[in-house]
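Here are a few friendly notes on the sheets, for you to read alongside the model.

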Amino acid sequence: MYFSTAGGPFFRHLRTGSVAAIAVVAYLALLPSDGPRSVPSSPCRPAGSADSVREDTPAKPDPDLDLDGDGYADLVYENSDTERFDVVVVPGSRHGPDHDRTTVLDRDDLGMPDDIQTGDDPWQPTVADLDGDGHADLVVSGAARILWGGSKGPRAGGPHGRVPLPGSGYSTAPIAGDFDGDGHTDLVVFRFSNEDQELVLLKGPFNRSGAPARTVEIPSPVDEGASPVLVAGDANDDHATDLALYGSPWDPPLLFTGGAPTAGGLSKEPERLPEGENVVFGDFDGDGRQDIAIGRSFVDSDDELDTPHRRGRISVRYGKEPGKWVTMDGGDYKEGFGTELATGDFNGDGCDDLAVQLTRKKETGDARIEVLRGGSEHGLGSKPWRATKRSVPGDYGPADGALATVHDWDGDGRSELALFGGGRWWITDGTDRDEASFPDTPGK
């Protein structure tokens, strides 16, 4: 089952703080290499081999992303400004997201209140089967509105509900996962307000009004004033979803283990991870266990502050060696290697690769993306395998496409990158070739 891992804007990652164990750290410079190779009996196949995925052999899409049931994953995002709030669904196809068949769901379709928080960037709804009927549902915005799925996906005029969140202070949609390991989809969200800061966990299954089986409130593990991003994954291969938090300027990333004997299923105390500004999960060595990657660019969120004269870095912990962190430097000095991360299998070899964004100044929107190849011999290769950059003219100079999300939208068994910037989307394989490119506002 797939769970959306972005609880906020597409470009944000997670951070949080707490107590935890100290891990052994290995350190590598990002130097040229021949790239990773597969080993015998590994599910990770060498790229280009006879048993690797071929373009004419469609992959089975994740059912939670194929909203309309046509066999292709769909691109879904919230598009809002001060006057409107829409959820945009761009259907997948054999040529990638098909902008000509875009569906726009407006406030009335979603049952959205007029005072919902809006922003300038696209945000990602949560896509998951909340009621266990086998169809993907959409959970939208900090108001946690639900548009229920069906055989042809969530649709205008279809049934909708609302997740009853306690109190106020929610800016993003809850993210999904089976945090207690009972087989039902749960939701979790961070509540930020002047009165309370806490994690709110809503246990599934959900009824058609949107009410959960139970609501559990967990005291905030981060410092006062922090507003972390949440990401779901399975870091210990126990089939219960774990929860990472990151993005706080005062706290390191934290990891709560799922399947714990607590009211919400999350461990009582989180593990403190190496410092960084984003966290992702992926199987980089093809052993069937998820690994963790953390990016640290050393670029401050305030462009007025100078970046230290050092390279950004990625810290990786492989599932087979849970007590060891491997750290790789990348990019040039002050280039911001690691500001954004995303995982996907870009060559269809059975191992996840890691897309890394480099950003010199976060507020000015400059960005380029490099891809590190995964492989079963030693996990992530240290030499960038693919690189890409997109730009459009802007009022204050070029606006670059930032790393938004990764999926296989054309069903060929290889992931594509979605970049967003200057009001435009690009879908690419991580090179200068576009599978699709279109404006974020349908009709333009």
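1. In what order do the four strands of the open sheet come, and is the pairing parallel or antiparallel? The order is β9-β10-β11-β12, and the pairing is antiparallel. This is a predicted model, in which local features need pLDDT of at least 70, side-chain atom pairs count only at pLDDT 80 or more, and totals for chains, interfaces and linings use all residues. Residues are numbered from 1 along each chain as its sequence is written, and side-chain values use heavy atoms, with hydrogens and water left out.

2. On terms: strands are DSSP runs of E with at least two residues, numbered from the N terminus. Two of them pair if DSSP finds at least two bridges between them. In general, strands of a sheet pair through backbone hydrogen bonds, either parallel or antiparallel.

3. Back to the sheet of four strands, with the order β9-β10-β11-β12: its edges are β9 (175-177) and β12 (214-219), each pairing on one side only. From one strand to the next the twist averages 25 degrees (axes are lines fitted to C-alpha atoms, and angles run from 0 to 180 degrees between N-to-C directions).

4. Strand β9 runs antiparallel to β10 (residues 186-192), and three bridges join them. Here G177 has D186 of β10 as its bridge partner.

5. Another open sheet has three strands in the order β2-β3-β4, again with antiparallel pairing. At its edges are β2 (75-80) and β4 (103-105), each of which pairs on one side only. The twist in this sheet averages 25 degrees from one strand to the next.

6. Three bridges link β3 (residues 85-90) with β4 in the antiparallel sense. Opposite V89 stands T103 in β4.
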